[in-house]
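Please look over the sequence and the structure shown here before reading on. The report is meant for a reader who is new to them.

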Amino acid sequence: MEKNNINQEIEIDLLLMIKDILRKWWVLLIGAVLGGLVVFLITTFLLTPRYQSSATLYVLGSGTSVTSFADIQIGGALAEDFLMIARSRPVLDGVVVLAEEEGVILTRDQVSDMLQVSSQGTRMVSVSAISTDPVVAQVVADAASRAAVTRIEQVTQSDPPSVVEVAEVPREPIASRINYPIGVGAGILLMIIVLVIRFILNDNIKSEEDVMKYLNLNTLVVIPNEKKKAG
(Lines give C-alpha, C1' and ligand atoms only; values in the text may rest on other atoms or scores of the structure.)
Protein backbone atom coordinates (compact mmCIF):
# COMPACT_ATOMS: atom_id res chain seq x y z
CA MET A 1 0.00 0.00 0.00
CA GLU A 2 2.81 2.39 0.86
CA LYS A 3 4.57 1.56 -2.41
CA ASN A 4 1.42 2.38 -4.40
CA ASN A 5 1.16 5.75 -2.63
CA ILE A 6 4.76 6.55 -3.48
CA ASN A 7 4.23 5.63 -7.14
CA GLN A 8 1.07 7.75 -7.22
CA GLU A 9 2.91 10.73 -5.73
CA ILE A 10 5.70 10.37 -8.32
CA GLU A 11 3.13 10.20 -11.13
CA ILE A 12 1.34 13.30 -9.81
CA ASP A 13 4.64 15.17 -9.53
CA LEU A 14 5.56 14.29 -13.11
CA LEU A 15 2.18 15.44 -14.39
CA LEU A 16 2.45 18.69 -12.42
CA MET A 17 5.96 19.23 -13.74
CA ILE A 18 4.87 18.66 -17.36
CA LYS A 19 1.92 21.02 -16.92
CA ASP A 20 4.21 23.60 -15.34
CA ILE A 21 6.61 23.39 -18.32
CA LEU A 22 3.79 23.63 -20.86
CA ARG A 23 2.35 26.67 -19.07
CA LYS A 24 5.70 28.38 -19.61
CA TRP A 25 5.72 27.76 -23.39
CA TRP A 26 7.03 31.27 -23.93
CA VAL A 27 10.21 30.31 -22.06
CA LEU A 28 10.73 27.45 -24.53
CA LEU A 29 10.15 29.88 -27.39
CA ILE A 30 12.79 32.21 -26.00
CA GLY A 31 15.20 29.26 -25.76
CA ALA A 32 14.54 28.33 -29.39
CA VAL A 33 15.18 31.88 -30.57
CA LEU A 34 18.34 32.24 -28.49
CA GLY A 35 19.64 28.87 -29.71
CA GLY A 36 19.12 29.81 -33.34
CA LEU A 37 20.69 33.23 -32.73
CA VAL A 38 23.79 31.67 -31.14
CA VAL A 39 24.23 29.36 -34.15
CA PHE A 40 23.83 32.31 -36.52
CA LEU A 41 26.47 34.34 -34.66
CA ILE A 42 28.90 31.40 -34.53
CA THR A 43 28.56 30.50 -38.22
CA THR A 44 28.69 34.15 -39.32
CA PHE A 45 31.47 35.62 -37.20
CA LEU A 46 33.48 32.77 -35.65
CA LEU A 47 33.67 29.99 -38.24
CA THR A 48 35.77 30.47 -41.36
CA PRO A 49 33.79 29.56 -44.48
CA ARG A 50 35.00 26.44 -46.28
CA TYR A 51 34.75 25.63 -49.97
CA GLN A 52 34.52 22.27 -51.70
CA SER A 53 35.50 21.42 -55.25
CA SER A 54 34.93 17.99 -56.81
CA ALA A 55 35.87 16.00 -59.88
CA THR A 56 33.99 12.89 -60.97
CA LEU A 57 35.66 9.91 -62.63
CA TYR A 58 34.25 6.88 -64.42
CA VAL A 59 36.38 3.87 -63.58
CA LEU A 60 35.84 2.03 -66.88
CA GLY A 61 38.23 3.39 -69.46
CA SER A 62 37.48 4.23 -73.06
CA GLY A 63 38.72 0.81 -74.20
CA THR A 64 36.18 -1.21 -72.22
CA SER A 65 32.66 -2.05 -73.28
CA VAL A 66 29.75 -1.17 -70.99
CA THR A 67 27.66 -3.82 -72.72
CA SER A 68 29.90 -6.57 -71.42
CA PHE A 69 28.84 -8.01 -68.08
CA ALA A 70 32.45 -8.93 -67.34
CA ASP A 71 33.56 -5.34 -67.92
CA ILE A 72 30.81 -4.07 -65.62
CA GLN A 73 31.96 -6.44 -62.87
CA ILE A 74 35.56 -5.36 -63.40
CA GLY A 75 34.49 -1.71 -63.18
CA GLY A 76 32.77 -2.31 -59.85
CA ALA A 77 35.86 -4.02 -58.45
CA LEU A 78 38.14 -1.30 -59.79
CA ALA A 79 36.03 1.35 -58.04
CA GLU A 80 36.94 -0.17 -54.68
CA ASP A 81 40.60 -0.38 -55.68
CA PHE A 82 40.49 3.17 -56.96
CA LEU A 83 39.41 4.49 -53.55
CA MET A 84 42.49 2.94 -51.98
CA ILE A 85 44.83 4.11 -54.73
CA ALA A 86 43.47 7.68 -54.66
CA ARG A 87 44.37 7.92 -50.96
CA SER A 88 47.83 6.38 -51.36
CA ARG A 89 51.05 8.27 -50.66
CA PRO A 90 52.18 8.37 -54.33
CA VAL A 91 48.95 10.15 -55.25
CA LEU A 92 49.31 12.61 -52.39
CA ASP A 93 52.88 13.35 -53.45
CA GLY A 94 51.68 13.79 -57.02
CA VAL A 95 49.10 16.31 -55.83
CA VAL A 96 51.84 18.27 -54.04
CA VAL A 97 53.86 18.47 -57.27
CA LEU A 98 50.90 19.37 -59.51
CA ALA A 99 49.60 21.96 -57.04
CA GLU A 100 53.04 23.56 -56.81
CA GLU A 101 52.97 24.03 -60.60
CA GLU A 102 49.80 26.09 -60.07
CA GLY A 103 51.47 28.18 -57.38
CA VAL A 104 49.88 26.37 -54.42
CA ILE A 105 52.43 25.11 -51.90
CA LEU A 106 51.18 22.27 -49.71
CA THR A 107 52.57 19.35 -47.74
CA ARG A 108 51.45 15.75 -48.00
CA ASP A 109 49.65 15.97 -44.65
CA GLN A 110 47.80 19.12 -45.72
CA VAL A 111 46.65 17.45 -48.93
CA SER A 112 45.55 14.37 -46.98
CA ASP A 113 43.44 16.53 -44.63
CA MET A 114 41.80 18.35 -47.55
CA LEU A 115 41.16 15.35 -49.80
CA GLN A 116 37.99 13.25 -49.78
CA VAL A 117 37.42 10.28 -52.08
CA SER A 118 34.11 8.44 -52.25
CA SER A 119 32.31 6.10 -54.63
CA GLN A 120 29.23 7.34 -56.45
CA GLY A 121 27.24 4.29 -57.49
CA THR A 122 29.16 1.21 -58.62
CA ARG A 123 31.68 2.68 -61.06
CA MET A 124 31.68 6.42 -60.37
CA VAL A 125 34.24 7.97 -58.03
CA SER A 126 34.17 11.52 -56.62
CA VAL A 127 37.45 13.23 -55.77
CA SER A 128 36.87 16.31 -53.59
CA ALA A 129 38.97 18.87 -51.76
CA ILE A 130 37.86 21.22 -48.99
CA SER A 131 39.69 24.44 -48.18
CA THR A 132 39.07 27.91 -46.81
CA ASP A 133 40.31 29.19 -50.21
CA PRO A 134 38.04 28.25 -53.15
CA VAL A 135 40.93 28.41 -55.63
CA VAL A 136 43.05 26.07 -53.51
CA ALA A 137 40.11 23.63 -53.26
CA GLN A 138 39.81 23.56 -57.07
CA VAL A 139 43.55 23.16 -57.62
CA VAL A 140 43.82 20.27 -55.15
CA ALA A 141 40.71 18.47 -56.47
CA ASP A 142 41.93 18.79 -60.06
CA ALA A 143 45.47 17.71 -59.17
CA ALA A 144 44.16 14.76 -57.13
CA SER A 145 41.95 13.53 -59.97
CA ARG A 146 44.83 13.74 -62.47
CA ALA A 147 47.33 12.10 -60.12
CA ALA A 148 44.88 9.34 -59.26
CA VAL A 149 44.08 8.63 -62.91
CA THR A 150 47.80 8.29 -63.68
CA ARG A 151 48.48 6.13 -60.65
CA ILE A 152 45.59 3.72 -61.23
CA GLU A 153 46.72 3.24 -64.81
CA GLN A 154 50.20 2.36 -63.58
CA VAL A 155 49.00 -0.01 -60.87
CA THR A 156 46.24 -1.85 -62.75
CA GLN A 157 48.02 -1.90 -66.11
CA SER A 158 44.72 -1.09 -67.80
CA ASP A 159 42.96 1.80 -69.49
CA PRO A 160 42.85 4.93 -67.31
CA PRO A 161 39.51 6.06 -65.85
CA SER A 162 37.49 8.57 -67.82
CA VAL A 163 36.89 12.07 -66.48
CA VAL A 164 33.16 12.81 -66.20
CA GLU A 165 33.41 16.23 -64.53
CA VAL A 166 36.46 18.37 -63.93
CA ALA A 167 36.91 20.34 -60.73
CA GLU A 168 35.69 23.94 -60.79
CA VAL A 169 36.23 26.88 -58.47
CA PRO A 170 33.29 26.82 -56.01
CA ARG A 171 31.22 29.99 -55.76
CA GLU A 172 29.47 29.33 -52.46
CA PRO A 173 30.86 27.89 -49.19
CA ILE A 174 29.62 24.55 -48.01
CA ALA A 175 27.05 24.43 -45.23
CA SER A 176 28.40 24.51 -41.72
CA ARG A 177 28.19 21.40 -39.55
CA ILE A 178 26.44 23.51 -36.91
CA ASN A 179 22.94 24.04 -38.30
CA TYR A 180 19.94 25.94 -37.05
CA PRO A 181 17.73 22.97 -36.03
CA ILE A 182 20.49 21.77 -33.69
CA GLY A 183 20.77 25.25 -32.17
CA VAL A 184 17.00 25.59 -31.75
CA GLY A 185 16.75 22.12 -30.20
CA ALA A 186 19.65 22.81 -27.84
CA GLY A 187 18.04 26.09 -26.73
CA ILE A 188 14.70 24.39 -26.00
CA LEU A 189 16.43 21.55 -24.14
CA LEU A 190 18.37 24.01 -22.01
CA MET A 191 15.20 25.85 -21.04
CA ILE A 192 13.45 22.56 -20.19
CA ILE A 193 16.34 21.64 -17.90
CA VAL A 194 16.11 25.04 -16.19
CA LEU A 195 12.36 24.68 -15.70
CA VAL A 196 12.72 21.16 -14.31
CA ILE A 197 15.38 22.30 -11.82
CA ARG A 198 13.19 25.22 -10.72
CA PHE A 199 10.22 22.90 -10.27
CA ILE A 200 12.23 20.44 -8.18
CA LEU A 201 13.71 23.16 -5.98
CA ASN A 202 10.37 24.92 -5.47
CA ASP A 203 8.90 23.46 -2.25
CA ASN A 204 6.05 25.98 -1.93
CA ILE A 205 2.49 24.72 -1.56
CA LYS A 206 0.77 25.49 -4.84
CA SER A 207 -2.52 23.58 -4.81
CA GLU A 208 -5.13 21.87 -2.65
CA GLU A 209 -3.46 18.55 -3.39
CA ASP A 210 -0.23 19.89 -1.93
CA VAL A 211 -2.02 20.84 1.31
CA MET A 212 -3.31 17.32 1.71
CA LYS A 213 -0.06 15.66 0.65
CA TYR A 214 2.42 17.69 2.69
CA LEU A 215 0.31 18.91 5.66
CA ASN A 216 -2.26 16.13 5.83
CA LEU A 217 -5.02 18.72 6.22
CA ASN A 218 -8.29 19.26 4.40
CA THR A 219 -8.83 22.50 2.52
CA LEU A 220 -11.80 24.45 3.89
CA VAL A 221 -11.68 27.66 1.85
CA VAL A 222 -9.96 28.59 -1.40
CA ILE A 223 -9.43 32.29 -2.05
CA PRO A 224 -9.03 32.93 -5.80
CA ASN A 225 -6.09 35.08 -6.82
CA GLU A 226 -7.60 37.59 -9.22
CA LYS A 227 -5.82 40.60 -10.64
CA LYS A 228 -7.66 43.87 -10.19
CA LYS A 229 -8.88 45.42 -13.38
CA ALA A 230 -7.86 48.98 -14.01
CA GLY A 231 -10.84 51.32 -13.42
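## About the model

This is a predicted model, in which local features need pLDDT of at least 70 and side-chain atom pairs count only at pLDDT 80 or more, while totals for chains, interfaces and linings use all residues. Residues are numbered from 1 along each chain as its sequence is written, and side-chain values use heavy atoms, with hydrogens and water left out.

## Strands

Helices (H or I, at least four residues) and strands (E, at least two) are DSSP runs, numbered from the N terminus, and two strands pair if DSSP finds at least two bridges between them. Strand E1 (residues 51-58) pairs with strand E3 (residues 124-131) in the antiparallel sense over 8 bridges, and Ala 55 stands opposite Val 127 in E3. E1 also pairs with strand E4 (residues 162-165), again in the antiparallel sense, over 3 bridges, where Thr 56 has Glu 165 in E4 as its bridge partner.

## Helix H4

Helix H4 (residues 89-101) has 13 residues and spans 19 Å from its first C-alpha to its last, close to the 18 Å expected at 1.5 Å a residue, the expected span being 1.5 Å times one less than the number of residues. Its buried residues (under 20% relative accessible area, with exposed over 50% and partly exposed in between, for a 1.4 Å probe and protein chains only) are Val 91, Leu 92, Val 95, Val 96, Leu 98 and Ala 99. Just after H4, Gly 103 takes a positive phi of about 85 degrees.

Arg 87 is found in the loop between helix H3 (69-86) and H4, and it counts as partly exposed because its relative accessibility is 45%. Leaving aside residues up to four places away in sequence, Arg 87 touches Leu 92 and Val 117, contact meaning heavy atoms within 4.5 Å.

Ser 131 lies in strand E3 and counts as buried because its relative accessibility is 12%.

## Nonpolar cores

A nonpolar core is a set of buried Ala, Val, Leu, Ile, Met, Phe, Trp, Tyr and Cys residues joined through side-chain atoms within 4.5 Å. The largest has 33 residues, and those with the most contacts inside it are Phe 82, Val 95, Val 125, Val 127 and Val 140. Helix H6 (134-156) is one of the elements that each supply at least two residues of this core, and H6 gives the most to it, with 10 residues. Apart from this core lies another, of 7 residues, among them Met 17, Val 27, Leu 28 and Leu 195.
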